[in-house]
Structure formats: structure tokens, C-alpha cells
Amino acid sequence: MLLKRRTGQRNGVSLGGRPLLTAALALTLLAAGFAAWTGWSWYAAAHDSTAATGQLRDQVLADGEQAVQNLNTLDYRSVDQGLDVWQSSTTGDLHSQFTQGRAQFEQQVKTAQTVTTAKILSGAVTELDGKAGKASIMVAVRITVTAPKAAPSTKDSRMVADLTRTAAGWKLSALGQAAEGS
């Protein structure tokens with residue numbers, strides 16, 4: 001009987017005599033492990049509830065800022081369309097107020113012949129309850145009013161707004177000036 005000399009062979013594959021094959025196998029295993037970890041991390045991040053909350057917060061802020069800008073922009077030459085935008089940006093009591101006082105307000109704007117434009121400077125969500133469909137935001141807005149035969153007047157203002165989720169998205173349910181504080 002012939003004796004086999006042991007050289008680190010197992011099942012006919014020698015790892016000790018082939019360092020390049022050993023290194024390639026180790027790198028392959030390392031790459032497969034990294035790919036599995038990366039895939040799991042991506043899946044976990046994509047299905048994390050904090051990502052959904054962040055998306056909801058971003059949507060509330062975008063809708064709220066647009067609505068505040070809408071309610072601070074009005075041109076006497078197209079007041080009817082402007083007030084339609086106001087109404088489509090609101091819900092609840094605020095919407096009712098605009099609907100009930102629309103005719104009188106429309107006449108006042110046409111008589112004054114003013115053009116008011118707004119630009120949102122910054123904004124933040126201050127409260128958010130996605131389950132209840134309620135949110136609050138604070139925005140800094142620059143409002144420019146142009147009257148006939150007068151130079152434009154610009155004022156920066158901080159406003160707070162309450163939003164309510166409707167079937168058509170987030171709409172303003174209250175809007176007012178932010179309290180001045182230190």
C-alpha cells in the first residue's frame with residue numbers, strides 16, 4: 001500500500017499550494033457578504049417608517065408654502081381667478097370666510113387697483129399628526145404691494161398656518177401672523 005503524503009489536500013483541491021486561488025476565493029466571499037449587507041440595508045431604509053414620515057413632512061411643507069403664497073398673491077386685473085385659487089387652497093372655516101365675503105372683497109380689490117405678490121423665503125413644519133390629518137407650519141414671506149401711481153411697497157412677514165388633509169391634498173384651514181417674540 002502506498003502512503004499518500006499529506007499536502008493540505010481535501011477532496012482533491014489544494015488550497016495551500018495555490019495562494020492566488022485562496023485570495024480570489026476570499027475576495028469573492030467578502031464581496032458576496034458586502035453585497036448581501038448592502039441589499040439588506042437598502043431594503044430596511046426603503047421600508048423604514050421614518051422615511052415615510054419625512055416624505056409626509058416634505059409634502060405638508062410644500063403644500064402649505066404654496067397655499068400661503070397663493071393667499072398673499074392677488075392682481076386686481078384677474079381678481080376672479082385669484083380668488084378661485086384662494087378658495088382652492090383652503091378648507092373649513094377659512095374656506096367659508098372666503099366664500100361668504102368674496103363679492104365684497106372682489107369689489108374692494110378692483111376699486112383699489114392693487115397687485116400683491118408673495119415670495120416664500122423659508123418655512124418649517126411645526127406640528128404634524130399624519131393619522132389625524134392635521135399639521136401646522138411657520139413661513140417667512142415677502143409680500144410686495146403695488147398700487148396705482150405709487151412705488152411698490154415690500155414687507156417681510158412671518159405667518160403661521162394650520163393645514164388639514166383633504167381628498168385633494170393638504171389645504172389651509174387657518175392663517176395668521178406669527179406672534180412677535182424675542
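**Entry 1: the model.** I am working from a predicted model.

**Entry 2: the patch.** I looked for nonpolar side chains on the surface. Phe34, Trp37 and Trp40 form a nonpolar patch there. Together they have about 450 Å² of accessible area. I then placed Phe34 and found it in helix α1, residues 19-46. Is Phe34 buried or exposed? Its relative accessibility is 54%, so Phe34 counts as exposed, since the cut-off for exposed is over 50%.

**Entry 3: Ser157.** Next I turned to Ser157, which lies in strand β6, residues 153-166. I checked its cover. Ser157 has a relative accessible area of 8%, and buried means under 20%, so Ser157 is buried. Which residues does Ser157 touch, leaving aside its neighbours within four places in sequence? I listed Val139, Ala140, Val141 and Gln177. With Gln177 there is also a polar contact between the side chains, at 2.6 Å.

**Entry 4: helix α2.** I checked the length of helix α2, residues 49-71. Its 23 residues, at 1.5 Å a residue, should span 33 Å. I found its end C-alpha atoms 33 Å apart, which agrees.

Then I asked which residues of α2 are buried. They are Gly54, Val60, Leu61, Gly64, Ala67, Val68, Asn70 and Leu71. An α-helix has 3.6 residues a turn, so residues three or four places apart point the same way.

Last, I noted what the buried residues of α2 pack against. Two helices are on the list, α3 (79-88) and α4 (92-100). The strands are β4 (115-129), β5 (134-146), β6 and β7 (169-177). Strand β6 is where I had placed Ser157.

Conventions: Residues numbered from 1 in each chain as written. Predicted model: local features only at pLDDT ≥ 70, side-chain atom pairs only at ≥ 80, totals over all residues. Heavy atoms only, no water. Patch = residues over 30% accessible without salt bridge, like charges linked within 9 Å, V, L, I, M, F, W, Y side chains within 5 Å. Areas by Shrake-Rupley, 256 points an atom, 1.4 Å probe, with all protein chains shown as cover. Salt bridge = Lys/Arg side-chain N within 4 Å of Asp/Glu carboxyl O. Helix = DSSP H or I, 4+ residues; strand = E, 2+ residues; numbered from the N terminus. Buried < 20%, exposed > 50% of the residue type's maximum accessible area, 1.4 Å probe, protein only. Polar contact = N/O pair within 3.5 Å; in protein donor to acceptor, adjacent residues only side chain to side chain. Contact = heavy atoms within 4.5 Å. Expected span 1.5 Å × (residues − 1).
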